[in-house]
Amino acid sequence: MDKMYELAKKILEETDGKICKSCLGRKLSKTIEGTNNIERADKVCKELDIDLEGVECVVCDNLFDKLDDDLYKKLDDKINQLGIEFDTFLVGSKIDKDIQKRDEELSEKFNLSVETIKKEVNRLIGLGIWERYDKEAEFESQDIVFNIDLVSEPKVRIQINPLYIEGKYNKLKRGIPQTKWPCTKCKGRGCEECNYTGKQYPESVEELISEHFLKLTKGKEAKFHGAGREDIDVLMLGSGRPFVLEIKEPKIRNLDLAKLEEEINKINEGKTSYHNLHLCERRRKAEIKQSSPDTYKVYQASVKCDESFDKDKLGELTKLNEIHQQTPLRVLRRRADKVRIKHVLDLSYEIVDDTHFTMIIKTEGGLYIKELISGDEGRSHPNVGEILGVNAVCEQLDVIEVSEK
Ligand SMILES: [Zn+2]
Ligand SMILES: [Zn+2]
């Protein structure tokens with residue numbers, strides 16, 4: 001007899017012939033040729049003239065019988081009930097610990113490095129889904145995950161992974177915060193002060209885009225991740241600031257982003273606009289927040305002095321370079337108090353009148369411009385007021401460029 005059936009005979013002996021075709025075939029996957037484990041087991045049955053139909057498997061308690069039409073019916077019901085769209089998926093399963101242990105022990109006994117029962121179950125269900133829906137199994141990042149509990153009566157749970165949309169935004173009107181800002185009085189619960197909205201500001205750059213996405217995707221929640229942020233009273237002009245919008249548990253994923261962008265911009269005309277919307281990977285959410293040494297920002301600032309300034313001293317401003325900046329008083333509540341060293345990369349100015357001038361400042365990310373101008377009670381050094389020998393404040397500030405990442 002063929003030597004390759006020796007292992008099959010030993011396994012049958014060990015299990016007293018009580019092993020199902022899936023389990024036997026799986027253990028022989030490296031010794032007997034075949035397109036699947038059932039086919040391998042069938043070869044053994046034929047060669048050894050045995051019948052394994054209806055046998056009670058001592059390895060898996062006939063777990064594979066649970067992967068039947070009923071299971072796919074449950075799966076289908078779940079998909080329809082949730083009304084979800086997906087192109088890629090992953091299967092995860094929960095299998096009785098004893099079954100997994102017996103499966104491992106059998107492999108160890110014969111020193112086999114073959115697929116585990118869990119992997120086979122996941123693979124088979126994945127194959128079934130692919131056949132029924134023509135969707136791809138994807139291991140790295142996928143639209144949904146089917147969690148199949150096979151410990152007792154099979155149960156299906158579907159995890160819907162978030163949708164990530166990357167783009168850039170402009171803020172064209174002052175007084176709009178980047179993200180939703182809970183009412184400071186009621187902390188978001190809703191009170192008289194906030195008209196029971198729970199919000200300090202009626203709208204935000206975040207909400208003006210996310211409400212449309214939530215409606216269309218039937219998502220549960222949206223999160224806005226910006227590459228830094230500007231103050232509420234600061235405009236975001238130029239090519240815009242990068243952001244990633246995360247939609248949690250979206251039922252609908254296939255969106256016409258170009259059309260949506262156009263519609264959203266029309267609705268928000270004069271307030272905010274969003275550009276180059278495209279789907280992105282989850283990792284972009286963290287990437288756009290990292291500031292590398294070559295990231296920079298360009299601002300336009302309107303400076304007002306309390307008295308006439310010496311125009312000859314204005315030239316000194318263009319020499320500004322290293323700034324020692326202690327955490328501004330106005331953000332001390334939120335940020336650790338420490339001195340950061342940031343650089344001004346370029347500066348130009350234009351005189352408006354005796355007490356006013358405008359500046360275009362290119363800086364490293366993280367330099368506070370309002371404090372660079374006022375000095376923030378000596379916490380920013382050197383500063384504009386100090387150089388000109390007057391009290392200077394930033395009257396108006398706009399971001400005109402945020403570098404790409
Ligand atoms: Zn079995
Ligand atoms: Zn309130």
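Figure 1. P382 sits in the loop that joins β13 (380-381) to α11 (384-388), where helices (H or I, at least four residues) and strands (E, at least two) are DSSP runs numbered from the N terminus. The peptide bond leading from H381 into P382 is cis, its omega being near -10°. Most peptide bonds, by contrast, are trans. This is a predicted model, in which local features need pLDDT of at least 70 and side-chain atom pairs count only at pLDDT 80 or more, while totals for chains, interfaces and linings use all residues. Residues are numbered from 1 along each chain as its sequence is written, chains are lettered from A and ligands numbered from 1 in the order in which they are written, and side-chain values use heavy atoms, with hydrogens and water left out.

**Figure 2. The zinc ion (ligand 1) and its protein donors.** The SG atoms of C20, C23, C57 and C60 lie 2.2 to 2.3 Å from the zinc ion, donors being N, O and S atoms within 2.8 Å of the metal (3.2 Å for Na, K and Ca), with water not among the atoms, so that sites may look incomplete. Along the chain these donors follow the spacing C-x2-C-x33-C-x2-C. The four donor atoms subtend angles of 106 to 114° at the zinc ion, which makes the arrangement tetrahedral, a label given to four donors if all angles lie between 85 and 135 degrees. The ideal angle for four tetrahedral donors is 109.5 degrees. Both C57 and C60 are buried, that is, under 20% relative accessible area, whereas exposed means over 50% and partly exposed in between (1.4 Å probe, protein chains only).

**Figure 3. Helix α3 and its buried face.** The end C-alpha atoms of α3 (residues 37-48) are 17 Å apart, which agrees with the 16 Å that its twelve residues should span at 1.5 Å a residue, the expected span being 1.5 Å times one less than the number of residues. N37, R40, A41, V44 and C45 are the buried residues of α3. Seen down the axis of α3, these buried residues fall within an arc of 140°, so they line one face of the helix; the arc is that of the directions from the helix axis to the C-beta atoms. Among the elements that cover the buried residues are α1 (6-14), α2 (21-27) and α6 (117-133), contact meaning heavy atoms within 4.5 Å.

**Figure 4. Positive phi values after α3.** Just after α3, D49 takes a positive phi of about 55°. In the loop between α3 and α4 (69-82) lies D61, whose phi is near 50°. N62 lies in the loop between α3 and α4 and has a phi near 55°; at 21% relative accessibility, N62 counts as partly exposed.

Terms used:
Tetrahedral: all angles 85-135°; square planar, octahedral: opposite > 155°, others 65-115°.
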